[in-house]
Amino acid sequence: MTRAAERLHISQPSLSKEIKKLEEELGHSLFIRTNKSMRLSDEGMLLRKRAEDILAMVDKTAEEFSLLDSITGGEIRIGCAESIQIKYLARSIKAFKEQYPNFIFHIFSADTEPVAERLDRGLLDLAVIVEPPNLSKYNYLTIPESDRWGVVMPNDSALAQKKEITFEDLYGLPLFASEQSIRADFPRWCGENADKLNIAGTFNLSFNGSVFVREGLGYLLTFEHLINTSSESGLCFRPITPALKTKMYIIWNKYQIFSPIAELFLKKIKEDFG
């Protein structure tokens, strides 16, 4: 006890008092005491083991932070809605890989609901969505540009002669769209008339919808730039009017614990978009 007090730079009575206080708090004796010696009890040995574990974790955590600047790679998983605006994410990843060459990214593409579900389950580190985020659950950044909505149709369609497409132009025609857009976007465009749109089918990936358009099954409502509408493709894009635009958001769970590489990437995109 005397030697321990000397190492801790306190008096022996003070140390004895603190040990007694700790034993009372835990409800167990930590030492077996005799007239000539004292040794750890089974409970004392358990506490020593737990203390060693705690101190080892403290050291490990400090080491991880000290090595952050020497990280060369790691993996991160990102859920993404379909949009040309993920070019901003791609640019951030490109710049990030120059500093961390072994960085690997995994992209899961889907609408907001399945992406958010995977984020909530911890299967994704970040998500890029096209609906305003739930502020009670997520932190977010806003991507600079917006996506413009329009109609993808065959080049030989009568509507292809128009510069812009109105709701009245589409009335009665077979239309394809995502379930999310039907629920969240079209009411912003045509109000109560959204229920009158003739939805012939739904797609969560616009490319698949464009194949059906090419085969003459209907018209696809989607973002501009998602589908190849060059003259050789046989398809064209016409914006709808009144104009309908959608913002994109990068989200992550509040109080989320990130891996070191994910923490660094989050810092990067905060610098890019914050």
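View 1. The whole model is a predicted one, where local features need pLDDT of at least 70, side-chain atom pairs count only at pLDDT 80 or more, and totals for chains, interfaces and linings use all residues. Residues are numbered from 1 along each chain as its sequence is written, and side-chain values use heavy atoms, leaving out hydrogens and water. Strands (E, at least two residues) and helices (H or I, at least four) are DSSP runs numbered from the N terminus. β6 and β11 pair in the antiparallel sense over 8 bridges; pairing takes at least two DSSP bridges between strands.

**View 2. Gly150 and two further strands.** In β9 (residues 219–223), the bridge partner of Gly150 is Thr222. Gly150 also stands opposite Pro239 in β10. β6 runs antiparallel to β10 (residues 235–239), joined by 5 bridges.

**View 3. One face of helix α5.** Which residues of α5 (residues 112–120) are buried? They are Thr112, Val115, Ala116 and Leu119; buried means under 20% relative accessible area, with exposed over 50% and partly exposed in between (1.4 Å probe, protein chains only). After α5 comes Gly122, with a positive phi near 85°.

**View 4. Around Phe265.** Beyond neighbours within four places in sequence, Phe265 is in contact (heavy atoms within 4.5 Å) with residues including Ile76, Leu89 and Phe103.
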